[in-house]
Amino acid sequence: MEKIKICEPVHHRNSAEFVASIDDLLIQILLRQPVKSLFRFKSVSKHWQSLITNPRFCYLRSRKTNSAIGLFFARPGLTPACRHIYDYVAFCDSASTRKLKYLVDTDSNDVLQSCNGLLLCDSYSSEECRTRFYVCNPTTNRISVLPELNYDDDSQRYRKMSLAFDPKISPHYKVVCVQQFGWDKYIYRIVIYSSETGAWGVRGEPFTEYFRFGRGVYLNGAIHWMTPLTLDWVTTCNLAELGWCNSMYFKIDDQVLDKMPRAPNLHLLGWLNKFYFGESCGHLHFAEIGVNKSQFNVYEMRNDYSEWFVKYQVDLSPVLAVYPEMIRDFDNPTMGLLYYNFSVFCIVRVEEDEDESFLVLHIPGKAIRYNLVRKTFKNLKKLEGEFDGHECHQGSFNSYMYAPGYQYIESMSCV
């Protein structure tokens, strides 16, 4: 590193002026400030603004370990036409609220994935009859629209997008697209977009896989998918001969697609149950929750993909006692129906103190923080515009089957 030159004697300046005159020292101080403070510091001077908005500074700031401080979720009970309305839940009382910035002049916007401070979203326009995909930084309210992905024919329009971003490795991100190849629904091809080049580049060879690719989860240079089998799989596939699996991963740099061990207890007709699949602080988690169960296990995948193991055991009986609205008063708990009104928004690991790791529950009218180690819980937020009682309607039924939360991590990363 080039030696810093001091042009005037130290005694002509006070300490604050002296520190502010050395960019390297000032940058080290700014890197240790909360993101909220950095936005205020940009107004101190044009020089400070240039330092804070410099892509190199954003990259260095993003490499610092950051835990999620909140989550975004689609407001429950709304129709698909209104799916672009997202609420925010902070994990602590002192955290401020956040709002998402969307593409304008579109009918709907949907969050597909959260990845280390960035969000992958899509936006549909009925006027143009097309869906556009974009990456959003909810901290800076910056968005970047991905270029159109050309298709050889209409059969390739089925596509599932996944975001891959790790600021500790690179300031650039990639988007992995699994698209249907031809008219056979089990023949796919993988195409990769790079923010560094600004274009879709790597196109893998077509392959056959009896697997339904859904929303991906990024961890350690790979995209991971999990899916329960559905009725059409059972009727159209000989599962024993195919060696079916319910979870897979794709190593992006090596372009290798491989199977993970089968998720424990994910039933043949797992679509009848609720399940959670996500990542937090370098850990991959899975949980399946029976529709008439209040106890379940949270599993973690080992780094070598050798097995799922039980990380946490959850018992929501104390939560049910405090919030009886979680129980449908007209259903029989022995029936295979949705007896309990709850789902898991997300599971959050706390690196500084693992005993503080928690999950966020969605129950009627509330978001609840449940400590996975201490088994304590508290109300995080009242969910506006949602029913808060025993009545059942179609929107609430769907919400408690699967209601993903998208973790919010403060980030200065450029998009």
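Tutor: In helix α5 (residues 55-62), the buried residues are Phe57, Cys58, Tyr59, Arg61 and Ser62. This is a predicted model, where local features need pLDDT of at least 70, side-chain atom pairs count only at pLDDT 80 or more, and totals for chains, interfaces and linings use all residues. Residues are numbered from 1 along each chain as its sequence is written, and side-chain values use heavy atoms, leaving out hydrogens and water.

Student: What covers the buried residues of α5?

Tutor: The cover includes α2 (23-31), α3 (35-41) and α4 (46-53). Helices here are DSSP runs of H or I, at least four residues; strands are runs of E, at least two; both are numbered from the N terminus.

Student: Why does Met412 count as buried?

Tutor: Buried means under 20% relative accessible area, exposed over 50%, partly exposed in between (1.4 Å probe, protein chains only). Met412 has 6% relative accessibility, so Met412 counts as buried. Met412 lies in the segment after β24 (406-408).

Student: Which residues is Met412 in contact with, leaving aside neighbours within four places in sequence?

Tutor: Contact means heavy atoms within 4.5 Å. The partners of Met412 include Ile52, Cys58, Arg61 and Ser62. Met412 and Ile52 are 360 residues apart in sequence, yet 9.0 Å apart in space, C-alpha to C-alpha.

Student: Why does Asp353 count as partly exposed?

Tutor: Asp353 has 32% relative accessibility, so Asp353 counts as partly exposed. Asp353 sits in the loop between β20 (343-348) and β21 (358-363).

Student: How much of the chain counts as buried?

Tutor: Of its 415 residues, 47%.
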